[in-house]
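Here are a few friendly notes to read alongside the model.

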Amino acid sequence: MDIYLENEDVGKYLSNQFDVINKMVENLDVNWPHYYVVKKLLEEAQIEINGFDKISYEQSEELKHERKIEKYNNWVEVYRLTNYHFSRYTSNNISYSEGLFSTLLALNNMYIHDKNISDVGIIGCGPGRSVLDFSLAYPNATIYGLDYSLLSLVLAKKIVSSNEEKIEIIKRNDEVVIDEINGFNRKNCKWGMFDLTKSKLKNKFDIVVCSNVINLMPNHKETLQKIYNMLRPNGYIIYADLTGWRLDRKLEQQLLCSKKAIKENFESFNFKTIECFDGGPYIEKDNQDNFAFYKQTYYIGKKKER
Ligand SMILES: C[S@@+](CC[C@H](N)C(=O)[O-])C[C@H]1O[C@@H](n2cnc3c(N)ncnc32)[C@H](O)[C@@H]1O
């Protein structure tokens, strides 16, 4: 696993993740039916952290974010998202989230015909479904799965990049069960610990895919600037996000509040709009009786040369 953080942030990030993961290990209840699966994942994340000898136990506070972001460090959230990304490939072969993932790929296939795509950044990749999809779409390119949540990255890397069989994942139907998925053995992916709020990446990607991440950011305008900076000239952004937020959000977190605002703001960052539309909801099964539906707003644009 790589680190895409500035040197001064590495120690803070690792000690933050170290604390969070250790706390989860301490709180694990040996009587839970899913105890061993979670413990294994947490231990793999601990090994990942211990592989870096540069951990300085600085105050980890500074690289902590508000709850909206930090909740993705928790194994419960990571497994929830893993089901939402990959349950199509588990024993039930069932997935309600394909509307989102198929649309991201369809936008790519419809509008990006550049033969020279070499680097694709999936920003806030979570458990990695778009990394898998784009690694299949671009077998000769490098696909970067970048996320703040180390647990997500550990699981994503295992599912997408390894050939391990029967990777156990926890899922909740009417009861909590363990299901299995086989690793996809994709060799053209790189995985990295990353913080979009602090990104200094410049001219790194030909395509950036960013779904359901920017709405979490403390400042949308600053985030658009960071996305703009990480793209190469003539690079593409494929974006999807929710817009139906609580009304009491801070102003800086309301910028991308509608289809119109998304289009206008990307254009103000020198993107040429290709398409912007509301659509393809993603659906999550909450439990046996409940489904949750979320509208997505999609945007694909091309970075103009200055
Ligand atoms: C709602 S999930 C979306 C995952 C995936 N992109 C999707 O559409 O299903 C948000 C993801 O963004 C990540 N994230 C949140 N804040 C981040 C940050 N500052 N830098 C990088 N990733 C972040 C979370 O860890 C989580 O994996």
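1. A polar contact is here a pair of N or O atoms within 3.5 Å. With that cut-off in mind, and remembering that this is a predicted model, please look at Ser211: an N or O atom of the Ser211 side chain sits 2.6 Å from an oxygen atom of the ligand.

2. The side chain of Asp195 places an N or O atom 2.8 Å from a nitrogen atom of the ligand. Leu196 instead uses a backbone N or O atom, again 2.8 Å from a ligand nitrogen.

3. How much of the ligand does the protein bury? Of the 590 Å² that the ligand exposes when taken alone, 97% is buried by the protein. There are 21 residues around the ligand, and those that come nearest are His85, Gly124, Asp147, Leu196 and Ser211.

4. On the α5 side, the contact is made by Glu98, Phe101, Leu104, Leu105 and Asn108, and on the α6 side by Arg129, Ser130, Asp133, Phe134 and Ala137. By type, five of these contact residues are nonpolar, two polar and three charged.

Conventions. Residues numbered from 1 in each chain as written. Predicted model: local features only at pLDDT ≥ 70, side-chain atom pairs only at ≥ 80, totals over all residues. Heavy atoms only, no water. Contact = heavy atoms within 4.5 Å. Helix = DSSP H or I, 4+ residues; strand = E, 2+ residues; numbered from the N terminus. Nonpolar A, V, L, I, M, F, W, Y, C, P; charged D, E, K, R; others polar. Near = heavy atom within 4 Å. Polar contact = N/O pair within 3.5 Å; in protein donor to acceptor, adjacent residues only side chain to side chain. Areas by Shrake-Rupley, 256 points an atom, 1.4 Å probe, with all protein chains shown as cover.
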